[in-house]
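Trainee: I have a structure open and would like to learn how to read it. Please take me through it step by step.

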Amino acid sequence: MVFEVGLTDSRPLHSLLSEREFSVFERLAQGANVNDIAQQLALSSKTISTHKAHLMEKMNLGNVADLVRYAMQHGLAD
């Protein structure tokens, strides 16, 4: 049996997100707030907050400014 020790996943962090998390990510990167996103997606603000928390954790982002910076660096925001 062969183990690949020390190899890292070269996929970008945003590829770890679910489809819904990525949708929330895109909207946050465009400057929308949780309530706006909830209204756009016909979901509760609590649900959007949960998606936001999960995506921030998966991507190791500390705040929305970090999220916007990441989006710009990866060509995911204008």
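**Reading the helices**

Mentor: Along the sequence, the protein follows the pattern α-α-α-α. There are four helices and zero strands; helices (H or I, at least four residues) and strands (E, at least two) are DSSP runs, numbered from the N terminus. This is a predicted model, in which local features need pLDDT of at least 70 and side-chain atom pairs count only at pLDDT 80 or more, while totals for chains, interfaces and linings use all residues. Residues are numbered from 1 along each chain as its sequence is written, and side-chain values use heavy atoms, with hydrogens and water left out.

Trainee: What percentage of the residues of the protein count as buried?

Mentor: Buried means under 20% relative accessible area, exposed over 50%, and partly exposed in between (1.4 Å probe, protein chains only). Of the 78 residues here, 29% count as buried.

Trainee: Which residues of helix α1 are buried?

Mentor: Helix α1 covers residues 19-29, and its buried residues are Glu21, Ser23, Val24, Phe25, Leu28 and Ala29. They pack against α2 (34-41), α3 (45-58) and α4 (64-73). Contact here means heavy atoms within 4.5 Å.

Trainee: Which residues are buried in α4?

Mentor: Leu67, Tyr70 and Ala71 are buried in α4. They are on the same side of α4 because they cover an arc of only 100 degrees around the axis; the arc is that of the directions from the helix axis to the C-beta atoms. On the other side of α4, Met72 and Gln73 are exposed. The cover over the buried residues of α4 includes α1 and α3.

Trainee: What caps the N-terminal end of α4?

Mentor: Asn63 does, with a side-chain oxygen 3.1 Å from the backbone nitrogen of Ala65. A polar contact is a pair of N or O atoms within 3.5 Å; within protein, one must be able to donate a hydrogen and the other to accept it, and residues adjacent in sequence count only if both atoms are side-chain atoms.

Trainee: Where should I look for a positive phi?

Mentor: Most residues other than glycine have a negative phi. Gly31, which follows α1, has a positive phi near 100 degrees. Just after α4, Gly75 takes a positive phi of about 65 degrees. Ala42 is not a glycine, yet has a positive phi of about 55 degrees.

Trainee: Where does Ala42 lie, and is Ala42 buried or exposed?

Mentor: Ala42 lies in the loop between α2 and α3. Ala42 is exposed, with a relative accessible area of 70%.
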